[in-house]
Amino acid sequence: MPSLPQGLAASAARGAGRLSQKLGRGGGTTIPGLLLNRLRPEATAEMALAVPGGVVLLSGTNGKTTTARLVRAALDASGTRVVANTAGSNLERGVATALLNSEGAELALFEVDEAALPRLMAQTRPRVVTLMNLFRDQLDRYGELEHLVDRWRDAVAELDPAATVIYNADDPAVAEIAARHPNSVSYGIEDPRVGRDRLPHAADTTECRHCGASLHYEMVTIAHLGRWSCSECGLARVQPDVRATRVELHGLDGQRLAIATPQGPIELSLRLPGMHNSYNALAATATAVALNLAPETIGPALAKREAAFGRAERTQIGKVKVTTLLAKNPAGANENIRTMLLEDHPLHLLVLLNDRTADGQDVSWIWDVDYELLLDGGRLASLTVSGDRAYDMALRFRYAGLEPDRLSVVPSVPAALNAALQSSSPTGDLYVLPTYTALLEFQAVLADRGLVPSFWEDR
Amino acid sequence: MSTGQPAVRLCHLYPDHLNIYADRGNIAVFQRRLEWRVLSLEVVEVGLGDPIPSDCHLYYLGGGQDRDQMLVAEDLVQKADPLRHAAHDGAVVLGVCGGYQLLGHGYSDADGRRMPGIGLLDLETTAGSSRLIGDVVLDVTLGGQTRTVVGYENHAGRTHLGGGCTPLGHVRRGHGNNGDDGCEGAVAGRCLGTYLHGPLLPKNPWMADTLLGWALEHAGFGVDLEPLDDELEAAAHGAAATRAGRRR
Ligand SMILES: [Zn+2]
C-alpha cells in the first residue's frame with residue numbers, strides 16, 4: 001500500500017479509535033496507531049519531530065510503568081504539558097496512537113517495551129533515553145536476553161551524541177551499553193545496609209561484558225543488580241551521578257530515600273514499597289534532573305504518587321484488606337516476596353498464573369522464584385492458586401514443601417477470589433500475586449463487584 | 001529438611017550456567033520424591049573447572065543461554081571421562097535442552113561454528129532458522145512401559161539421531177527433535193536427553209520415578225519405590241495435555 005498524506009492518515013486512524021471505543025472494543029489505545037503505521041509508516045517520526053520539547057523514552061524489563069508515572073508527576077508539577085502513552089500500550093502502535101493526540105504538548109514521554117525500544121529510538125530520535133534494567137522475561141517472546149542486550153547496544157551506538165542516556169549503574173549489562181555514550185547520567189543504590197552479599201538463584205548477568213570473567217559483587221540489591229566489578233579486567237560500576245545514600249523500607253507502606261543529585265539533595269517519602277521502587281524513584285529522579293527540573297519540584301511530586309496499576313494496589317473487600325502485587329518474572333516476584341515478609345502477620349496468598357502472549361507462554365520462570373522463603377518458619381498460612389496454569393503453580397509449591405492442606409487449586413478466578421477471601425478472613429489480609437493478563441482478569445472481577453475502575457480509565 | 005539415609009547421589013553439572021529452563025524444578029522433584037519415601041538425595045554441584053566425580057548415581061545437565069552453553073561445552077569436553085565411565089557402569093544421565101545437545105556429538109551454528117559435545121548420545125545438532133516453541137505431548141516407552149509425557153519446548157537446534165540411540169518419545173503434539181521426523185529426545189541405556197522443559201519432571205512423575213528406580217539400583221539398593229499420592233501431578237498432567245491439544 002502506498003503511503004497516505006499525513007493529515008488524511010491521521011484522521012482516518014483517529015476515526016478508527018473512536019469507532020472501536022463506541023463498539024465497546026476497549027479504550028482505543030493501540031488501534032489508531034496500528035492503522036496509522038500501515039497507512040503512513042513515517043508518521044511516528046514526523047509527529048515526534050513536531051513535539052517542541054522532544055521525546056523521552058523509558059525502557060527496561062521491570063518498573064517502566066511506575067517510573068513513567070513518577071516522571072509524569074514531576075513534569076506535571078513543573079507545569080509542562082506532556083503527551084504520554086498508557087500502561088499496556090508500549091509498542092510502536094501505542095506510541096503512534098499517543099502521538100496522534102500530541103497537539104499542544106511541549107514534551108512526549110513514553111514507556112517502551114524493551115524489544116521495541118531499538119526501533120522506537122530510530123523513529124522518534126529521543127532527547128532522553130532511560131535504560132532501567134534487563135531481566136530474563138518471557139524467553140519465548142524475546143528470544144534470549146543476550147540478543148536483546150546486543151540490540152540495545154547497537155541502538156545506543158546509533159543515537160545522536162547530544163541525546164542524554166540515563167542508566168542504571170547497578171545493572172552490569174545496561175551500564176556497559178550506556179557508558180559508551182558521550183552524554184550519560186547514571187543512577188544506583190549506595191546504602192550498604194539494604195544489600196546482600198550473594199546472587200540469587202539463576203541471576204541473569206554474572207559475567208563481565210568485556211572479558212567474560214565472573215563478576216564480583218560487593219553488594220547485591222535485586223537479582224543481578226548491585227555493586228559489581230570484574231575480577232580480571234577491572235571493569236566496574238561507577239559511582240552513580242544520582243544515588244540513594246539511604247534507603248529505609250517500611251513494608252507495604254512505602255519507604256524513605258535520601259537521594260544525592262548533581263543539582264542538590266532530595267529527601268523523599270515514597271508511597272511505593274520495596275527496593276524495586278527505590279530503583280524506579282531513582283530512574284525517575286535522574287530523568288527529571290536531565291529534563292532540568294529542580295530537586296525542590298521533583299521530591300514533593302514523587303511523594304504524592306500512588307502505585308501504578310496493579311503494582312501494590314490496595315482494595316477493601318468486606319473485612320479483608322486485599323493487596324495486589326503484579327509479578328511477571330523472577331526478579332519482580334522475589335521482590336514482592338521480600339516485601340511481604342516485612343509484614344508481621346501470617347500470609348494468605350492468591351496466586352494467579354496465566355501463560356498468554358503478554359505473560360510469556362513458558363511458565364518455567366516460576367521455578368526460579370524463591371517461594372521457599374514463604375514456607376520458612378511457617379509464614380504461609382494459606383495458598384489459593386488460579387489462572388490458566390493453576391496446576392503448574394500448585395506443583396511449584398508442592399515441591400517447595402507446602403503441606404497439601406494449606407493449598408487449594410481453583411482454576412476460575414472469581415471462585416478463587418471467594419475461596420481466598422474465606423481463608424484469609426481470620427486475619428483480614430490477602431495478597432494477590434497475578435501475572436499481567438491475570439491482573440486484567442482479576443481487575444475485571446473486582447470491577448464487576450463495583451470495586452475499581454476498568455483498565456483504560458487508569459491514568 | 002533431608003530425611004532418611006542418603007540413598008542417591010546426584011551430580012548437578014553447571015548449576016550456575018545451565019539453569020534457565022526450570023532445571024531447579026527437576027532437581028526438586030528428585031529430592032522430594034525420595035524424601036517422601038524416607039530416602040534422601042545428596043546433590044554434588046560441579047561448576048566450571050571442578051572435576052566430575054565418577055561415583056554419582058544420577059547426573060543432570062540443564063539448559064542455558066547460548067553464551068553460557070559455549071563456556072560449558074569447552075570445559076565439559078576436557079573433563080567428561082568420569083561421566084562416561086559412570087554412564088558405562090549404569091549411572092543415570094539426564095540432559096535437558098542445552099544439556100541434551102551437549103550429550104551429543106556437537107552443535108553447528110548458522111555461521112559454521114561448532115560447539116563440541118561429549119558423544120554419550122549418538123546425535124548431531126544444527127541451528128535452524130527459527131525457534132521451535134510450544135506445548136508438547138509425547139508417547140514415551142521406558143522400562144517396558146508406555147506413557148504420555150507432557151512439556152514445553154523452545155529451541156533453535158534441529159537434532160538428528162544416529163544409529164546408536166533411539167528416540168525418547170513419539171510426538172503427538174509439538175515439534176520434537178527437528179520438526180520433521182516426529183521424534184523427540186534420545187535414549188541409549190540409562191542416558192536420556194530431551195528438549196522438554198517447563199520443567200519436565202513435576203508433571204511426569206512416572207518418568208521421575210523410573211529414573212530414580214534406576215539410580216537406586218545403581219546405588220545398590222534393591223528397593224521398589226512405593227507409590228505416592230500423585231493426584232495433583234495427574235491433574236497438572238491432564239490439564240497440560242488438554243491445553244496442548246487445544247492450542248494446535
Ligand atoms: Zn572483565
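Residues are numbered from 1 along each chain as its sequence is written, and chains are lettered from A and ligands numbered from 1 in the order of writing. Because the model is predicted, local features need pLDDT of at least 70 and side-chain atom pairs count only at pLDDT 80 or more, while totals for chains, interfaces and linings use all residues; side-chain values use heavy atoms, with hydrogens and water left out.

## Zinc site

The zinc ion is coordinated by the SG atoms of A:Cys208, A:Cys211, A:Cys230 and A:Cys233, at 2.2 to 2.3 Å. Donors here are N, O and S atoms within 2.8 Å of the metal (3.2 Å for Na, K and Ca); water is not among the atoms, so sites may look incomplete. The donor residues follow the spacing C-x2-C-x18-C-x2-C in sequence. Angles of 99 to 117° among the four donor atoms make the site tetrahedral, a label given to four donors if all angles lie between 85 and 135 degrees.

Accessibility is described as buried (under 20% relative accessible area), exposed (over 50%) or partly exposed (in between), with a 1.4 Å probe and protein chains only. A:Cys208 counts as buried because its relative accessibility is 1%, whereas A:Cys211, at 39%, counts as partly exposed.

## Interface of chain B and chain A

Contact, meaning heavy atoms within 4.5 Å, involves 37 residues from chain B and 33 residues from chain A. The buried area, which is the accessible area (1.4 Å probe) that two parts lose on being put together, summed over both, is about 3,100 Å². Carbon and sulfur atoms give 50% of that area.

Seven salt bridges are found across this interface, a salt bridge being a side-chain nitrogen of Lys or Arg within 4 Å of a carboxyl oxygen of Asp or Glu. One of the elements of chain B that each supply at least two residues to the side touching chain A is α6 (231-247). The largest share of that side, seven residues, comes from α6(B). Helices (H or I, at least four residues) and strands (E, at least two) are DSSP runs, numbered from the N terminus.

## Salt bridges

Over all chains, the whole structure holds 46 salt bridges.

| Pair | N to O distance |
|---|---|
| A:Arg398 and B:Glu233 | 2.6 Å |
| A:Glu92 and A:Arg119 | 2.3 Å |
| A:Arg389 and A:Asp355 | 2.7 Å |
| B:Asp81 and B:Arg84 | 2.8 Å |

The pair of A:Glu92 and A:Arg119 forms a salt bridge. It links distant parts of the chain, with A:Glu92 in helix α5 (residues 92-100) and A:Arg119 in helix α6 (residues 117-124) of chain A, 27 residues apart. A:Glu92 is buried, with a relative accessible area of 15%, while A:Arg119 is partly exposed at 42% relative accessibility.

A:Arg389 and A:Asp355 also meet in a salt bridge. A:Arg389 lies in the loop between β15 (380-386) and α14 (390-400) of chain A and A:Asp355 in the loop between β14 (347-352) and α13 (372-375), so the pair ties together parts 34 residues apart in sequence. Both A:Arg389 and A:Asp355 are buried.

In chain B, B:Asp81 and B:Arg84 both lie in helix α3 (residues 81-89), three residues apart, about one turn of the helix. B:Asp81 is partly exposed at 46% relative accessibility, as is B:Arg84 at 29%. Elsewhere, salt bridges that share partners join A:Arg398, B:Arg33, B:Arg37, B:Asp209, B:Asp230 and B:Glu233 into one network.

Technical notes:
Four donors count as tetrahedral if all angles lie between 85 and 135 degrees; four count as square planar and six as octahedral if opposite donors are over 155 degrees apart and all others between 65 and 115; anything else is irregular.
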